[in-house]
Amino acid sequence: MIWGIFKRDMCHATRNVIAVIVSMGLVVVPALYAWFNIAASWDPYGNTKALKVAVANNDKGYKSDLIPVRVNVGETIISTLHANDQLDWQFVKSDKAIDGVKSGEYYAAIVIPKGFSADMMTLFSPDIKHAQLKYYLNEKINPIAPHITDQGATTVVNTIDKTFAKTIAQVGLDLASSILHYSQSPQMAEYMRNLNGNLTTMADTLSGASQQVTSYSQLLGSANDIVDSTGKLLASATKAGKQAQNALKQGKSGATSLTSAGANVTSSVNTALDQVSGAFDQVAAKVNKAFDAIGKDSDTAASQLATLSEQISSGESLYDTYITSLNHMRESVEQLPDSDSAKQALLEAIDREITLLEAAKGDSQKLAQQLKDASTQVTQDTAAAESSRKEILNRITSAKQSISNVRDDYATNVKPKIDALASTVSTLISQTDSMITQLSGTADGLDDVTGDVGTNVTSIRSTLGAIAKKLDSSAATVKELITKLETGGNAGDGNSDGGDGDNDADSGESDELRALATANASTLSTLISAPVALHRVSVYPIANYGSAMAPFYTILSIWVGAIILCAMLKVTISDREKAHVLGLGDTLPRIAGPSGPGNASRWGLRLDHEYFGRYAIFALLALLQGTLVCLGDTYFLGVQANHALQFLAVGWLAALVFSNIVYTLTVSFGDIGKAVAVVLLVMQVAGSGGTFPIETLPKFFQMLYPFLPFPHAIDAMHAAMAGSYGNEYLLDMVYLALFLIPSLLLGLVLRKPVIRLNNWVSRNLESTKVM
């Protein structure tokens, strides 16, 4: 009987093209529902870069009095966000950012206030302030976008915190590392050696000074002998004074010679320079004469120019002689004492004179070269001769000017300073002579003074003894400092072989400091700014968000497909179909009674035959729906399925269970049953845990969760996709299959008492002509 009903249903479903198209549509529509939702949610968080978030920087920066370096954290944030593609950052003014959030142009806006950097730097002051970012959010545009932009804003805050901590730590570590490296550098070692050497010298000097003071004290012990010999010493000084007076007379004679020598040099210089200047005038006349002869006899003009070039070249020895004389004079001046105020000025004047002579010599050399070049040029290019004449005449004028500069400078600067030096020497000799005369007179008066010296010797010796003790104590302190420096240096180098426990502890601490400072500062600062790193270990990894959502949308589409089947296909069998299955013609006998379920049972077509016979086509189409949607998920969309056959088996079982539940509700309660199927759909969408964890849902859904078929079907499909923990997959499949028990119980047993009630309700709804 069941097979007969199914066979006639298949014949009717394929009787014409429209029926076939509708049947195909019933199979395809649920798959389209699943595919569109899965494809739309394939990678939503990977496309957040399209969400526009405005960023406005009003930070004025900060510059401390202690460290004159301008800090602007806002600019650092902007630079970081330029390289961040997590969201579509829009860098605008603060007014536009806020208005853009209100208008919906931006999903959110982050405004960096003016005192952001200043507030952050209060970390180093007693009055600490929390630096705050202003975050504007438009929550009405989209329910998910606020949470995504919130995450972006949180990322910005975390980045600022880590960057600030990393910067502070890195500065400190770099400073410590630089100090340690500098302390271990050859330069620092050289400084320490120099310091030790200087301290050693200082200690030796203090010890020597102590010995000298002691010696002075002993010398004072023989004060009477010193006093006795003072007269002889003064007499000797008087005699030496007379010898010095004789030497001063000779010096005064030398000063007079220096003055006359300066006058002679001045006369010689003026005479020589006048001769050179006149010679240049003669050269200019000869040059003009030579160039005037170019047109008549070029060879003669060339010869004359060559001769002039040789004459000027031979005259360069005059400059060398004069320069040599000035150098000799300079050596004589350098012998004067440094205290002589005229010495440096005279040296500078002589150096300037030598420089001017070198320049004049260079002009002469250039003039000689131009004359030589002109002698060659006039034989080759007569047209350029006039240009050469002008250049040579200009060079002669320049050379004469250089000679004039030398003469003027000598007369203005050198000669007056030589005369002033001679005058100063004479004055000095006169003053020294007077001083020696006074010294002789003073020596005569010192005989009376020596008599009072002996009375003070005892007091002086006592003071010198105390000074000697202080010097010895200071020398001992310096030597102790040297010892500590050497010990500290050895401990720092890790080469100390002995010492007490404190030295060993200091050595260990220095080794730890060295190990910390020699490490990579950037790595350590990163560790300090984020001491805990999150290492993600995926257990049963899912390829992408679309694959993670595929079980929910696939199971949902299979339930929707079951509702569509019951909406499009008839769940009851007409009396005419029953008669054909029973072989009774087109109608049942009158004794069958009113049309309805079970009215042909006396001829062998029981209620269960009608139930399974009509459900067979529902089951077939539901299996086709499940097959198409699961294969499309795997091979069309590329949903992850580590166990493809298990994935397909979940779709088949879900199709049978869901189609049977919806079919049973519809068979038992008619259109009301369809409404109940839709209510169950809505409840399972919210309470299946397919989108949010069931623990995050209200208590009612948590209690209802185990009694719904969706959660078990979704869990079984997840296990097929990513792997199963123990018998997880089989248990979920069994739990899903168990929902057939109440469904079959309702369709085969509990349905009988309500058949008449359902028929009565159906007749009343049809009587409205609307329902």
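Modeller: Let us start with burial: a residue is buried under 20% relative accessible area, exposed over 50%, and partly exposed in between (1.4 Å probe, protein chains only). Cys566 is buried, because its relative accessibility is 2%. Cys630 is buried as well, at 1%. This is a predicted model, in which local features need pLDDT of at least 70, side-chain atom pairs count only at pLDDT 80 or more, and totals for chains, interfaces and linings use all residues. Residues are numbered from 1 along each chain as its sequence is written, and side-chain values use heavy atoms, with hydrogens and water left out.

Biologist: How many disulfides does the whole structure hold?

Modeller: A disulfide is a pair of cysteine sulfur atoms within 2.5 Å. The search of the whole structure finds zero.

Biologist: How many helices and strands does the chain have?

Modeller: Helices (H or I, at least four residues) and strands (E, at least two) are DSSP runs, numbered from the N terminus. The chain has 25 helices and six strands. Of its 771 residues, 36% count as buried.

Biologist: Where does Ser117 lie, and what does Ser117 touch?

Modeller: Ser117 belongs to helix 5 (residues 116-120) and is buried, with a relative accessible area of 0%. Contact means heavy atoms within 4.5 Å. Not counting residues up to four places away in sequence, Ser117 touches Asp59, Gly61, Tyr62, Val71, Asn72, Val73 and Gly74.

Biologist: Which residues of helix 23 are buried?

Modeller: They are Tyr729, Asp732, Met733 and Leu736, in a helix that spans residues 728-737. Seen down the axis of helix 23, its buried residues fall within an arc of 100° and so line one face of the helix; the arc is that of the directions from the helix axis to the C-beta atoms. These buried residues pack against helix 19 (644-669), helix 22 (709-722) and helix 24 (740-750).

Biologist: Which helix gives the most to the lining of the largest pocket?

Modeller: On a 1 Å grid over the protein atoms alone, a pocket is an open set of points where a 1.4 Å probe fits, with protein on both sides within 12 Å along at least five of seven lines; lining residues have an atom within 4 Å of a point. Helix 25 gives the most, with eight residues. Of the 46 lining residues, the closest to the centre of the largest pocket are Lys570, Val571, Thr572, Ile573 and Arg614.
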